[in-house]
Amino acid sequence: MPGIFLQTGSAMVKPDGLRYIPCMDIRPSIRFTALLLGAVLALLAACGKEDKETAIPPGSRVLALGDSLTEGLGVKREEAWPALLADKTGWDVSNGGVSGDTSEAALKRLPHLLEQHEPVLVLVALGGNDMLRRIPPQEIIANLEKILVLIKARGAKPVLLSIPQPSLAGAVFQNLSAPGFYRELAAAQQVPLIEDAVPDVLSDPQLKADQIHPNAAGHALLAETIFGELASIGYAP
């Protein structure tokens, strides 16, 4: 009798001995799974968000450590990007740029600058003269690493700026780029990196006074870009 089933508790038994289990109401399981999936996605989203740094208030002392790109060779002192950044933030930004400086030379004068200015933030824009002089990358990395470590040891926050690799092809095609060791060093030292500000300006002939230095418009764009990056990090007010 294929059409007859015997009910036994929650199951049915057919005459041939086979058990038939009726479908369960799976709606509670679906709701639970949806809630669990939502919780997991929310947790992943929270983990993916990086907490911003505390904003540095106006009047704070900031040091821009660099070479002629920071000093402002070819423009007035007040037109160089450190002065323009001071105008945008209200910080007391000291221009610690020295034309021709290598990373080694800047490292030697850094302790005095830190003692003199007592900055809470140091923007490090070095390496261009090293690369022009064909100093091995390992030496540049070692010097920059010591600079970052020293800044942190004095209680200040360092931010590293990438400097583009000198390249005839990059200049011709207006596409200069920084060597990868800046990104690797920033990751190893866990410091913020402003990667494209200087390369983008130096790739544009309209923003340069000569082959390797920004003009006033270039410094203005540098200041604007650096300010935006610092705001993204959380430092800029």
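Is A55 buried, exposed or partly exposed? I started my notebook with that one, and A55 turns out to be partly exposed at 42% relative accessible area. My scale for this calls a residue buried under 20% relative accessible area, exposed over 50%, and partly exposed in between, with a 1.4 Å probe and protein chains only.

**Ground rules.** I am working on a predicted model, where local features need pLDDT of at least 70, side-chain atom pairs count only at pLDDT 80 or more, and totals for chains, interfaces and linings use all residues. Residues are numbered from 1 along each chain as its sequence is written, and side-chain values use heavy atoms, with hydrogens and water left out.

**Entry 1, A55 continued.** I found A55 in the loop between α1 (27–48) and β4 (61–66). Helices (H or I, at least four residues) and strands (E, at least two) are DSSP runs, numbered from the N terminus. I then checked A55 against A231: they sit 176 residues apart in sequence, yet their C-alpha atoms are 8.3 Å apart in space. For contacts I use heavy atoms within 4.5 Å. Not counting residues up to four places away in sequence, A55 touches G234, Y235 and A236.

I counted ten helices and eight strands. Of the 237 residues, 39% are buried. Among contacts with a separation of 6 or more, 71% join residues 24 or more positions apart. The accessible surface comes to about 13400 Å², and 58% of it belongs to carbon and sulfur atoms; the areas come from the Shrake-Rupley method with a 1.4 Å probe, and for residues only the protein chains shown count as cover.

My rule asks for a side-chain nitrogen of Lys or Arg within 4 Å of a carboxyl oxygen of Asp or Glu. How many salt bridges does that give? The count is five.

- K88 and E224 meet at 2.6 Å, N to O. K88 is in helix α3 (residues 81–89) and E224 in helix α10, so this pair ties together parts that are 136 residues apart in sequence. K88 is partly exposed at 36%, and E224 is partly exposed at 41%.
- D101 pairs with R109, their closest N and O atoms being 2.5 Å apart. D101 is buried, with 8% relative accessibility.
- K108 and E104 pair at 3.9 Å, N to O. They are four residues apart in helix α4 (residues 103–117), which means a separation of about one helical turn. K108 is exposed at 64%, while E104 is partly exposed at 43%.

I took H213 to begin with, in the loop between α9 (197–202) and α10 (216–233). H213 is buried at 8%. Which side chain does the side chain of H213 make a polar contact with? The partner is S68, at 2.8 Å. Beyond four places in sequence, H213 is in contact with S68, L69, L73, L202 and K208.

Next I went to S94, in strand β5 (residues 92–97), which is buried at 14%. Its side chain makes a polar contact with the side chain of H117 at 3.1 Å. Leaving out residues up to four places away, S94 touches V62, L63, A64 and H117.

The axes of α6 (residues 137–153) and α8 (residues 181–189) come within 11 Å and cross at roughly 35 degrees. The axes are lines fitted to C-alpha atoms, for helices over the stretch in contact, and angles run from 0 to 180 degrees between N-to-C directions. From α6, the residues making the contact include I140, L144 and L148; those from α8 include F181, Y182 and L185.

Most residues other than glycine have a negative phi. I noted E118 with a positive phi near 50 degrees, in the loop between α4 and β6 (121–125) and exposed at 55%. Q190 has a positive phi too, near 55 degrees. Q190 is placed in the loop between α8 and β8 (193–194), and is exposed at 73%.

Terms used:
Polar contact = N/O pair within 3.5 Å; in protein donor to acceptor, adjacent residues only side chain to side chain.
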